[in-house]
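Welcome, and take a moment to look over the model shown here. The report after it walks through a few of its parts.

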Amino acid sequence: MSTIEPASGLGFDEPVPSALLHLLGTLSDPASERGVECAGALPPAGDPALPARAAEAKAALGDRVFILGHHYQRDEVIAFADTTGDSFRLASEAAARPAAEFIVFCGVHFMAESADILTGPTQQVVLPDLAAGCSMADMASLDQVRTCWDTLSELGLADRTVPVVYMNSAAAIKAFTGRHGGTVCTSSNAAQALRWAFAPSDQGGRAADRVLFLPDQHLGRNTAVRDLGLSLSDCVCYDPRRPQGGLTREELANARMLLWKGHCSVHGRFTPACVDEVRARIPGVSVLVHPECTHEVVSKADLVGSTEYIIRTVERAPAGSQWAIGTELNLVRRLAHRHPDQTIAYLDRTVCFCATMNRIDLPHLVMSLESLAAGHVINRVRVDATTAEEARTALDQMLALPGDSTATRRD
Ligand code: SF4
C-alpha cells in the first residue's frame, strides 16, 4: 500500500473517508489510483511567466532534482523533462541517479510508486498532481485480486497458476505477484514473461498450467495469441465483479490464460472501423498500434508494439512514410511534429488524450518545483517498506527474464 502525502500544512492524523476527501479536494485517496484534486498554490494556467518560473525553480534546485517525462505527457511538461521514456525506463533512470534528492515524475500514480520502489531511501518521489492516476490500474484492487486467488485456491487451481502483472498496476498488486512467485511485465517483454511462466522448471520456468494476467486483458490476449501461438479459446476473461469471475470451474481449469477484465480507456477507443476508415482515407498507410488495443484492432494492424517500439519505428522510417498510429494522442502529435517529412495520422478521428496523464500540466509542475525550491516537499508518493520489498521481488524477476527483457517487441 502506498501513501500520498498532502500539501504542506494540511495533514490529518486519522484516515479520512474518500468521499470526504473528494469534497475537501485537498488530499488523495490512497486506495485509489485516481486520487483526488491536490492542494497547493496552483498558478493560473494562462500565466505567461510559467515557463520562466519553471526554469528558475529547476535551476535553483540543480542536481537535487531529476524530472521524468512519460511519452504521453503534454509538450509544455516534456520541455522541462531531463529524460523521457515509458514507465519502466523512467523508473530505471530515476534509480540510476542516486544523487538526485527529488524525483519529479510527470506521469501517473503507479509510475511514481514504481520509481519510489526502485530508488534509494533518501530519494523522494513527487507526482505534481495527485489526481493523475490510471483508470486501468484502478480496475484491479488488492481485495479483488485476493478474492480471485482465494477462488482459485478453493478450486484447487492456484498451485499451478502464475500471476503475471503489467507494470500498469498499483504497488500492492505487484507485491501480491511477488508473494505468489510471479513477475511484472511491460508491453515490451510480455511475451518473455509468459514463456517463462509456462516453461518447465528444469528450463528455469514456472511450469504453469495457466497464467493469471492482470490488469489489461488486451495485452494478455494479444501476447498469448500472437507471440505464444495460443488460441482465443485458451483465453478466458475473469470479471472481478462477478462470483468466481463469471466462469465455471471447468472454464477456469481449462484456460491457459485467465485475463483480468481490465483495459486502457485510451487504447480501447480504437476500433476495427477506425482501421478501415484510415485505410480508405490514406491509401497505402501503415497502421501501427499499441498492444493495449483490442485483439480485433491488433489483428487488422500492420505493426504492433510498445510505445518505445512505435517511436523507434517512426524514427527509422524513410521520408514519405505514411502512418496511422493507435496510441496516446500527445505522443502521436509529437511524432508528427518531429517528422514533418512523413505523414503521421491519429488512428481515431475523435481527439482523445489520456485524461489523467493530462492532469500534469505546467501549473502543477511549477507548483511542485517552486515548493521543493522553498524547502517544502508536496505531493510525495511513498510505498511502505513491506509492499516495496515484495513488489521489488516481482520487478527483479522481470529483470531476470531470459533474453533482453526490456527489448522492444518487433512484428
Ligand atoms: S494511457 Fe491508459 S494505461 Fe496509460 S495511464 Fe492512461 S489510462 Fe492508464
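## Around R256

R256 sits in the loop between α10 (249-254) and β10 (257-260); helices (H or I, at least four residues) and strands (E, at least two) are DSSP runs, numbered from the N terminus. This is a predicted model, in which local features need pLDDT of at least 70, side-chain atom pairs count only at pLDDT 80 or more, and totals for chains, interfaces and linings use all residues. Residues are numbered from 1 along each chain as its sequence is written.

Beyond its neighbours within four places in sequence, R256 is in contact (C-beta atoms, placed from the backbone, within 7 Å) with R210, L230 and D234. L230 is 26 residues away along the chain, and its C-alpha atom is 8.2 Å from that of R256.

## The chain and its core

The chain has 16 helices and 15 strands, and buried residues make up 50% of its 411 residues. Of the contacts between residues at least 6 apart in sequence, 69% join residues at least 24 apart.

A nonpolar core is a set of buried Ala, Val, Leu, Ile, Met, Phe, Trp, Tyr and Cys residues joined through C-beta atoms within 7 Å. The largest has 119 residues, and those touching the most other members are I103, F105, A115, V211, L258 and V289. Leaving out neighbours within four places in sequence, A115 is in contact with L90, A91, A94, I103, F105 and V125.

Helix α13 (residues 307-316) is largely enclosed by the rest of the structure, because seven of its 10 residues are buried. Those buried residues are T307, E308, Y309, I310, I311, T313 and V314. Their cover includes these elements:

| Element | Residues |
|---|---|
| β11 | 286-289 |
| β12 | 303-304 |
| β13 | 322-326 |
| α14 | 329-338 |
| β14 | 343-346 |

Helices α2 (residues 50-61) and α15 (residues 362-373) have axes that come within 9 Å and cross at roughly 30°. Here axes are lines fitted to C-alpha atoms over the stretch in contact, and angles run from 0 to 180 degrees between N-to-C directions.

## Around the ligand

The ligand has 13 residues around it, and C134, M136, C264, V266 and C354 come nearest; a residue counts as near if its C-beta atom, placed from the backbone, lies within 6 Å.

Notes:
A residue is buried if 20 or more other C-beta atoms lie within 10 Å of its own, exposed if 12 or fewer, and partly exposed in between; C-beta atoms are placed from the backbone. Two residues are in contact if their C-beta atoms, placed from the backbone, lie within 7 Å.
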